[in-house]
Amino acid sequence: MKKKILIILLIVLYISLIGTYLLSLKKPNFVMFGTTTFIYYDNNNQIKNVKRINNIDKKLNYEKFNVYIDNSFEEAYMNFYKEDNATYYDLYNNQNQKIDTKDFLLAYQGDLKINVNSSKIETQMTDEEKEKMIKILKSHSINEDISLFSKQVLDIDNDSKNETIYSLSNFGGQVNETFYSYIFIEESNKEIIDIDLIESQNKNTPEIPQKYHAWSIDLDNDNNYEIVLSSVTGDDTPVYYEFYKYDSSNKTITEMLK
Ligand SMILES: [Ca+2]
Ligand SMILES: [Ca+2]
């Protein structure tokens, strides 16, 4: 009898070991933003969690990724390497040719449906826009210097009306000023909904992160785009990514996956 129990126990142990081994072979589904921020998904395309890292797993070197280049995902391979504490990468296509791109790194692995809004993120202001931006900054009593501007027009919430996402900051601008990063949505009725507004306390010391609107992506497959911001504090420091959800009915912005 004891022998029988022992055999059953051994069989159970054997099966669970094989199960664990097979699970370890299954690669996780994830989207990576830069080399620092990873959103993991389960097999049903549901977001599981987010991880922010400093050191990229070298096992990812030369694995196949779907990389967002010129408004679409293409199969590519990446070689990651570290220099002066920052992680860099080279991109190669299926023919082993190096791909040159100035785009921020957005890539995924696994059977995911990642819908990136392809409307152009404009970085030049017209004179009219500049005037309008300065008015908005004035209304918040923040510095009116703008060194970084971006604008994307898109229908974030799929209601057939366009919103505009603006990001403004004055990093690298005039001296003897406080620093700010301001990202907001202008709704079709011209109402402004803040995504993030941060200002440094002291002049000439940018102790706040510089934030920038990087992409609008439907990350959770609900037909609404999430707003992805890059965030960097200081030179030669990692760029991390943040994710915001816009609820047009309640006119609220919520940060997700903090
Ligand atoms: Ca809309
Ligand atoms: Ca979504």
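Which residue in β7 does Leu91 stand opposite? I looked it up: Leu91 faces Ile99.

**Entry 1, ground rules.** I am working from a predicted model, where local features need pLDDT of at least 70, side-chain atom pairs count only at pLDDT 80 or more, and totals for chains, interfaces and linings use all residues. Residues are numbered from 1 along each chain as its sequence is written, while chains are lettered from A and ligands numbered from 1 in the order in which they are written.

**Entry 2, overall.** I noted 2 helices and 17 strands in the protein chain. Helices (H or I, at least four residues) and strands (E, at least two) are DSSP runs, numbered from the N terminus. The C-alpha trace spans about 85 × 45 × 40 Å along its principal axes. Of the 258 residues, 23% count as buried. Buried means 20 or more other C-beta atoms within 10 Å of the residue's own; exposed means 12 or fewer, and partly exposed lies in between, with C-beta atoms placed from the backbone.

I traced an open sheet of 8 strands, in the order β3-β2-β1-β8-β4-β5-β6-β7, with antiparallel pairing. Strands pair if DSSP finds at least two bridges between them. β3 and β7 are the edges with a single partner strand each, so one side of each has no neighbour in the sheet.

I then followed the pairs. β4 (residues 64-69) is joined to β5 by 6 bridges. Lys64 has Tyr77 in β5 as its bridge partner. β5 (residues 72-83) pairs with β6 (residues 86-92) over 7 bridges, antiparallel. Glu83 has Ala86 in β6 as its bridge partner. The β5 and β6 hairpin has 2 residues between the strands, and Asp84 there takes a positive phi near 50°. β6 and β7 (residues 98-99) also run antiparallel, joined by 2 bridges. Their hairpin has 5 residues between the strands, with Asn96 in the turn at a positive phi of about 65°.

**Entry 4, the four-stranded sheet.** I found another open sheet, of 4 strands in the order β10-β11-β12-β13, with antiparallel pairing. Its edge strands are β10 (148-154) and β13 (192-199), each pairing on one side only. The twist averages 5° from one strand to the next. That angle uses axes, lines fitted to C-alpha atoms (for helices over the stretch in contact), and runs from 0 to 180 degrees between N-to-C directions. β12 (residues 180-186) pairs with β13 over 7 bridges. Phe184 stands opposite Asp194 in β13.

I noted 15 residues of domain 1 in contact with 12 residues of domain 2. Contact means C-beta atoms, placed from the backbone, within 7 Å. On the domain 1 side, β2 (37-41) and β3 (47-52) are the elements giving two or more residues.

Which residues touch the most other members of the largest nonpolar core? Of its 39 residues, they are Phe30, Met32, Ala107, Ile227, Val228 and Leu229. A nonpolar core is a set of buried Ala, Val, Leu, Ile, Met, Phe, Trp, Tyr and Cys residues joined through C-beta atoms within 7 Å. I checked Val228. Leaving aside neighbours within four places in sequence, Val228 is in contact with Phe33, Ala214, Trp215, Ile217, Tyr241 and Phe243.

Terms used. Two residues are in contact if their C-beta atoms, placed from the backbone, lie within 7 Å.
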